[in-house]
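I opened my notebook for another look through a model. Here are my entries, in the order I made them.

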Amino acid sequence: MNEEIQKAIEVLTAGGLILYPTDTIWGIGCDATNSEAVEKIYTLKKRPGTKTMICLVANDFMLEQHVTHIPEVAYDILDLATKPTTIVYDGPKGVAKNLIAKDNTLAIRVAKDKFCQYLIGKFKKPIVSTSANLAGELSPKSFKEIDEQILKGVDYIVNLDRDKEKSTPSSIIKLGADGTVKVIRE
């Protein structure tokens with residue numbers, strides 16, 4: 001795993017794209033602070049820049065570095081969640097501008113997967129995590145279902161968990177600055 005982490009970090013540092021297993025499904029990732037790298041993902045997926053992507057952080061400390069104010073209820077949701085849960089926060093900071101939605105929000109998930117935690121922890125920056133599919137297509141349930149254009153369009157493919165089925169995307173919950181909680185995807 002250390003070798004895979006090192007190779008992925010080299011690509012991320014150079015502004016490249018990685019294809020990697022996450023705690024949910026296979027994802028396309030890049031340095032979430034690099035707007036040119038983020039733009040490469042939009043281009044590869046043929047996805048409009050108005051559709052935002054998820055950002056992964058290694059732990060609560062890193063989360064706190066990239067959100068202006070974290071409502072207390074966010075920690076309760078994360079503690080009680082029975083599956084990977086992404087929360088849409090108001091007031092993201094320290095990430096690429098083209099990753100932030102027009103309403104000044106960003107979807108962030110604290111990674112639970114060991115590989116992702118180690119990768120992000122060693123990289124010391126959040127990374128983008130978007131499903132490994134072209135816009136409008138279904139998310140692949142396994143590595144073998146990933147479209148050839150995606151495989152050829154990334155700079156590095158992590159050589160781990162290629163035989164595992166990972167078919168469940170994360171839950172997505174939006175927390176408003178006014179204290180509202182809205183379930184976007186269960």
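Which elements do the buried residues of helix 5 pack against? I found helix 1 (2–13), strand 1 (18–21), strand 3 (54–57), helix 3 (60–65) and strand 6 (127–131), taking contact as heavy atoms within 4.5 Å. Helices (H or I, at least four residues) and strands (E, at least two) are DSSP runs, numbered from the N terminus.

I noted for the record that this is a predicted model, where local features need pLDDT of at least 70, side-chain atom pairs count only at pLDDT 80 or more, and totals for chains, interfaces and linings use all residues. Residues are numbered from 1 along each chain as its sequence is written, and side-chain values use heavy atoms, with hydrogens and water left out.

Next I listed the buried residues of helix 5 (residues 114–123): F115, C116, L119, I120 and F123. Buried means under 20% relative accessible area (1.4 Å probe, protein chains only). They sit on the same side of helix 5 because they cover an arc of only 115° around the axis, taken from the directions from the helix axis to the C-beta atoms.

At the N-terminal end of helix 5 I found D113 as the cap, with a side-chain oxygen 3.1 Å from the backbone nitrogen of F115. Just after helix 5, K124 has a positive phi of about 65°.

Then I turned to S129, which is found in strand 6. S129 is buried, at a relative accessible area of 9%. Its side chain makes a polar contact of 3.5 Å with that of Y20; here that term is a pair of N or O atoms within 3.5 Å, one able to donate a hydrogen and the other to accept it, and residues adjacent in sequence count only if both atoms are side-chain atoms.

Methods: Buried < 20%, exposed > 50% of the residue type's maximum accessible area, 1.4 Å probe, protein only.
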